[in-house]
Amino acid sequence: TEALLEAGAKRVLGLDRDAEVLSVAQARLAQWKDRVELVHADYRCLDEVLDRRGIDRVDGVLADLGYSSVQVDGEGRGFSFRRDDPLDMRMDRSSGPTLAELLDDVTAEALADVIYEFGEERHSRRIARAIVGARDEGSVTTTAGLAAVVRRASGRRGRSRIDPATRTFQALRIWVNRELEGLDTFLRSMASRLRHGARLAVMSFHSLEDRIVKYTLRELESATD
C-alpha cells in the first residue's frame, strides 16, 4: 500500500479480516490518511464494500492471500507451534469458531480429510486419529500439545527439512479461516470491476491457493479470447 501511494495512487481502499493488522497499517500509513481507507472486512466482501461506496470500476486490485507475520508472531493467536498458545488460529478474532471449538466435535474421518486436502499430508489418517484420541483424553488444549501429538503420529524419524507438524498446522489454519472458499468467485467478480487497462494481481503462498488462482485466471482469459 505504501508503494502504491508513493507511486501516486489517489485513493486506496484496503481490507483485512484482522483488526490487529489494520491497527498496524493505520499507524504506518498515517501520513496518507486522506488518500487511504482501511476496512475491517474479509477480502471476499470487496464487492459489497465497493457498492456501499458507490464505486463501480477500479484501476487495480491486489490480493495478498494467506496469513501475516503479525498473526504468526502475535502472542495468544495460536498460528505457530513455536510457542504454547491457546488453539485459536482465527484471522478475525471477532467472529467464527476457534480451532479448539472445531476440534471439539469433529470425527477422525472428517479431520483426516481436512489435513489431507488442505495440508497435502500423506499421514493424515494416522495424525487425525491421534488428535481425536488425545482430544478425548483432554490432552490437546494448546499449540505445543497439538504439535507434539502430530509429531509422534507422523512417524517421521531423524532430520527433516520442515517440522512434521507444519503441514497439519497449515491445514487447520485454512480450515478455521475457510481460506480457499470463494477465492475463484472473488477473482471473477474483481475481473469484472476492472477499468480498461487495469490490473488484477494476486500474491499466493502455497500450491492450493496457486492452483485456484491460475485455473481461474486461465478460465477468464479463455472467456475473453
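**Group meeting talk: pockets and helix packing**

Hi everyone, let's begin with the lining of the largest pocket: helix H1 (2-6), strand S1 (12-16), helix H2 (19-28), helix H3 (46-52), strand S3 (58-64), helix H4 (69-73) and strand S4 (194-203) each supply at least two residues to it. Those labels are DSSP runs numbered from the N terminus, with helices being H or I of at least four residues and strands being E of at least two.

A word on where this comes from: the model is predicted, so local features need pLDDT of at least 70 and side-chain atom pairs count only at pLDDT 80 or more, while totals for chains, interfaces and linings use all residues. Residues are numbered from 1 along each chain as its sequence is written, and side-chain values use heavy atoms, with hydrogens and water left out.

Back to the pocket. Rolling a probe the size of a water molecule over the atoms shows where empty space is left. On a 1 Å grid over the protein atoms alone, a pocket is an open set of points where a 1.4 Å probe fits, with protein on both sides within 12 Å along at least five of seven lines, and lining residues have an atom within 4 Å of a point. Grid points are joined across faces, edges and corners, and a volume is the space filled by probe spheres set on the points.

The largest pocket holds about 1,800 Å³ of space. Its lining has 48 residues, and Thr 1, Leu 13, Gly 14, Leu 15 and Leu 62 lie nearest the centre. Which element gives the most to this lining? That is S3, with seven residues. By class, the lining has 27 nonpolar, six polar and 15 charged residues; here Ala, Val, Leu, Ile, Met, Phe, Trp, Tyr, Cys and Pro count as nonpolar, Asp, Glu, Lys and Arg as charged, and the others, Gly among them, as polar.

The second largest pocket has about 350 Å³ of space. Of its 14 lining residues, Tyr 67, Phe 79, Thr 166, Gln 170 and Arg 173 lie nearest the centre. H9 gives the most here, with four residues. The classes are six nonpolar, five polar and three charged.

H9 also takes us to helix packing. Helix H8 (residues 143-154) packs on helix H9 (residues 166-177) at an angle of about 125 degrees, with the axes 9 Å apart. That makes H8 oblique to H9. Axes are lines fitted to C-alpha atoms, for helices over the stretch in contact, and angles run from 0 to 180 degrees between N-to-C directions. Angles under 35 degrees count as roughly parallel, over 145 as roughly antiparallel, 65 to 115 as roughly perpendicular and the rest as oblique. The contact (heavy atoms within 4.5 Å) is made by Thr 143, Leu 146, Ala 147 and Val 150 of H8 and Thr 168, Phe 169 and Leu 172 of H9. Five of these residues are nonpolar, two are polar and none is charged.

On to helix H6 (residues 108-119), whose axis comes within 8 Å of that of H9, crossing at roughly 100 degrees. H6 and H9 are therefore roughly perpendicular to each other. Among the residues in this contact are Leu 111 and Phe 118 of H6 and Gln 170 and Trp 175 of H9. The contact divides into eight nonpolar, three polar and one charged.

H6 also packs with helix H7 (residues 124-136), at about 130 degrees and with axes 8 Å apart. These two are therefore oblique to each other.

Last stop: Tyr 43, in the loop between strand S2 (36-40) and H3. Beyond neighbours within four places in sequence, Tyr 43 is in contact with Leu 15, Leu 65, Glu 179, Leu 183 and Phe 186.
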